[in-house]
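The following report describes selected features of a predicted model. The sequence and structure are shown first.

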Amino acid sequence: MTEPRGPVDSSRVPRFAGPATFARLPRLDEVARADVAVVGVPFDAGVSYRPGARFGPAAVREASRLLRPYHPGLDVSPFATQQVADAGDIAVNPFDIGEAIETIQHAAGSLQADGTRLVTIGGDHTVALPLLRAAARRHGPVAVLHFDAHLDTWDTYFGAEHTHGTPFRRAVEEGILDTSALSHVGTRGPLYGKEDLAEDQKLGFGIVTSADVYRRGADEVADQLRQRIGDRPLYISIDIDCLDPAHAPGTGTPEAGGLTSRELLEILRGLAGCRLVGADVVEVAPAYDHAEITSVAASHVAYDLISLLALQENGERAEERLPAADRGPRP
């Protein structure tokens, strides 16, 4: 195996200098192939309130300059055991949502063609639908953990079927989700009516509210989620507004009473061992941010997702080195 090329050496080049790739990693065109690609989708034509998430990928990359190569919480060096690279941005039509969705789906499929796993930075939550399509095309229907203040399973907005509030309803309707293993985490705030919850339940989603996380704690919640996921292929979609506005003011539809960044990161770390096949972090709108609070949180969330993929990669390689009789069942 070729030694992975890691981030720029910050003892030689100051963190505030040089190109702002994610975590100062090499570009995808600078490596032979990548185990994990970080890709941006600067698109926000699907928002229902504040625009500006199209500038999210650039802001998260800039905030990621301070990330370091060893993760003590998970005891892993995510850039040393797998090749991680920045694949740049998927350029999409900002005036045609349908065309943008098709472009994202095609680009994501191409990036994953050789087995590369994607960690995507949005962009608004509309982008989750084409990313889920691409993941399901490769892995079959996927389990979903959806961290968000909102359900995002509404039917339409102003008659439009594709918005940042509808991707998970469309995904269920298209049969690309494993409806026995769907969960919202961090939901809170007012709804249009009680029927929103009834409709969401019919689609197969379980709900862990932000109040549940506060009362039960991150470890118990992570354990519950792991049991629901089992060994299914898992896609994690994180709307940064799952965090309280104190931890993520730079987002399009903020709601009071959210998770802390510590709670979110601890829940993610509790998912180590799950079969993660892809993830996104969306809805960072830097125009409403202060001192990069939201962008820093999002960059650390993406780093933890990459670290989970590194642990998974290490586990798969260790199993491959075992005699065939000692290997566990393959999904």
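## Cysteines

The predicted model contains zero disulfides. The sulfur of Cys 242 lies 17 Å from the closest cysteine sulfur, that of Cys 274. Because a disulfide requires two cysteine sulfur atoms within 2.5 Å, this separation is too far for a bond.

Cys 242 is buried, at 0% relative accessibility. Cys 274 is likewise in no disulfide, and is buried with a relative accessible area of 8%.

A right-handed β-α-β unit is made by strand 5, helix 5 and strand 6.

Helix 5 spans residues 195-202 and includes Leu 197. This leucine is partly exposed, with a relative accessible area of 39%. Together with Leu 191 and Ile 207, Leu 197 forms a nonpolar patch on the surface, and the accessible area of the three residues comes to about 210 Å².

## Salt bridges

Side chains of opposite charge can pair when their charged atoms come close. The structure holds 22 salt bridges. One of them joins Glu 62 to Arg 65, with the closest N and O atoms 2.9 Å apart. In this pair Glu 62 is partly exposed at 37% relative accessibility, whereas Arg 65 is buried at 10%.

Glu 199 and Arg 169 meet in a salt bridge with an N to O distance of 3.6 Å. This pair links distant parts of the chain, since Glu 199 belongs to helix 5 and Arg 169 to helix 4 (residues 167-173), 30 residues apart. Glu 199 is partly exposed, with a relative accessible area of 32%, while Arg 169 is buried at 12%. A further salt bridge connects the side chains of Asp 178 and Arg 232 (3.1 Å, N to O). Asp 178 lies in strand 5 and Arg 232 in the loop between helix 7 (218-229) and strand 7 (233-239), so the contact ties together parts that are 54 residues apart in sequence. Arg 232 is partly exposed, at 25% relative accessibility. Elsewhere, salt bridges with shared partners join Arg 5, Arg 27, Asp 29 and Glu 30 into one network.

## Gly 122 in strand 3

Gly 122 is located in strand 3 (residues 117-122) and is buried at 0% relative accessibility.

Terms used. Residues numbered from 1 in each chain as written. Predicted model: local features only at pLDDT ≥ 70, side-chain atom pairs only at ≥ 80, totals over all residues. Heavy atoms only, no water. Patch = residues over 30% accessible without salt bridge, like charges linked within 9 Å, V, L, I, M, F, W, Y side chains within 5 Å. Areas by Shrake-Rupley, 256 points an atom, 1.4 Å probe, with all protein chains shown as cover. Salt bridge = Lys/Arg side-chain N within 4 Å of Asp/Glu carboxyl O. Helix = DSSP H or I, 4+ residues; strand = E, 2+ residues; numbered from the N terminus. Buried < 20%, exposed > 50% of the residue type's maximum accessible area, 1.4 Å probe, protein only. Right-handed = clockwise from strand over helix to strand, strands pointing away.
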